[in-house]
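We will go from stop to stop, and at each one you will get something to select and something to look for.

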Amino acid sequence: MQISTAQLFHQAYGTFAIGAFNVFTMEQVLGLFKGAAESAAPIIVAVTPVARRYASPGMMAAMVKAASNLYPDVVFAVHLDHGDRNHCADAIESGDYHSVMIDASYETFDKNIAFTSEIVRKAHAVSMHVEAELGLLSGIEDDVNIADKQALYTDPEQALEFVQRTQCDSLAVAVGTSHGAYKFSGGSGLRLEILQQIGKKLPGFPLVLHGASAVPHDEIERINAAGGALKSSAQGANPDELQRAISLGVCKINIATDARLIWTRVHREFFRDHPDKFDPIVPGQHYMSDYAEFVGVKCQLLGANGKARLFT
């Protein structure tokens, strides 16, 4: 069942968070919907511009629609993740999305406000939710590659001004998370005090965490044992800190890296153990099953399991 992003956030605020799962392939889409159905958790299907270029916008939309037909009880919204002005305008016009994220965080404060305000006007004309970003996350994900030394925490005073001037509907904040598999190598974790200050400036306003995958050590170890070469120092978002962040107003937590690690582990192990095999369907089935299980575990952590009933 499709539902607006605003409705999801209204129910979630302060008590649980919606997992926004980035999808690129059929296996990820089906695994996501299967996991959400089994855990009765509302989800956000997040599609990046890279995914739209890879599979084409029409194919991505068709896969999501087909999965929703197979799992009609799943409560979900479709979200454009990390779009620029052109990506957002196209998504708004397509009618395939419930919300868009305009990411102009790499621009100056005033340009970020100008670009975000432009998208807000277009989206609000068709009753669509807009997420913006203030502050820069370090790390690598799709087209995002920001050096650690350039990473900026979100300033609470600027956050208030930004929301007031742009009229955006939710705000992605930089409080210590990072994109990609190499997170928290310094062990600093989330800056919860900054998140708390932002929440005081913007009471009741939905906040978003990007770069909050867990990056489990056992996944890294299994990948490397099967021929991978990922850094073992990677450390994902701390579960206790994520739950504290939810209580401070974080309504949406983006998940991308973990899905990629599971894909890598499944395929490396499969072809290591079955070097005579070449059929993509067999590891694909394993991946969908493992990913569905992961979705359920993640939604449980976010407090979202069983919450689909709130929307029916």
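Covering here rests on contact, meaning heavy atoms within 4.5 Å. The helix and strand names come from DSSP runs, helices being H or I with at least four residues and strands E with at least two, numbered from the N terminus.

Before moving on, a word about what is on your screen: this is a predicted model, in which local features need pLDDT of at least 70 and side-chain atom pairs count only at pLDDT 80 or more, while totals for chains, interfaces and linings use all residues. Residues are numbered from 1 along each chain as its sequence is written, and side-chain values use heavy atoms, with hydrogens and water left out.

**Stop 1**

An α-helix has 3.6 residues a turn, so residues three or four places apart point the same way.

**Stop 2: α7 against α8**

Now select helix α7 (residues 156-166) and helix α8 (residues 192-201), whose axes come within 9 Å and cross at roughly 35 degrees. Axes are lines fitted to C-alpha atoms, for helices over the stretch in contact, with angles running from 0 to 180 degrees between N-to-C directions. Show the side chains of P156, E157, A159 and L160 in α7, which meet I194, Q197, I198 and K201 in α8. The residues of this contact divide into 5 nonpolar, 1 polar and 2 charged. Nonpolar covers Ala, Val, Leu, Ile, Met, Phe, Trp, Tyr, Cys and Pro, charged covers Asp, Glu, Lys and Arg, and the others, Gly among them, are polar.

**Stop 3: I18**

Next, pick I18 in strand β1 (residues 18-22). I18 is buried, at 0% relative accessibility. Leaving out residues up to four places away in sequence, I18 touches L8, A12, P42, I43, I44, C251, K252, I253 and L302.

**Stop 4: the cysteines**

From I18, step across to its neighbour C251. How many disulfides are there? The count is 0, a disulfide being a pair of cysteine sulfur atoms within 2.5 Å. The sulfur of C251 is 13 Å from the closest cysteine sulfur, in C168, too far for a bond. For C88 the closest cysteine sulfur is also in C168, at 12 Å, again too far for a bond. C88 is buried at 0% relative accessibility, and C251 is buried at 0% too.

**Stop 5: T116**

Select T116 in helix α6 (residues 109-124). T116 touches C168, along with I102, A132, F162 and T166, not counting residues up to four places away in sequence.

**Last stop: two loops**

Finish with S56, in the loop between α3 (49-55) and α4 (57-70), where phi is near 90 degrees. Then find Q167, in the loop between α7 and β8 (170-173), with phi near 65 degrees. Most residues other than glycine have a negative phi.

Notes. Buried < 20%, exposed > 50% of the residue type's maximum accessible area, 1.4 Å probe, protein only.
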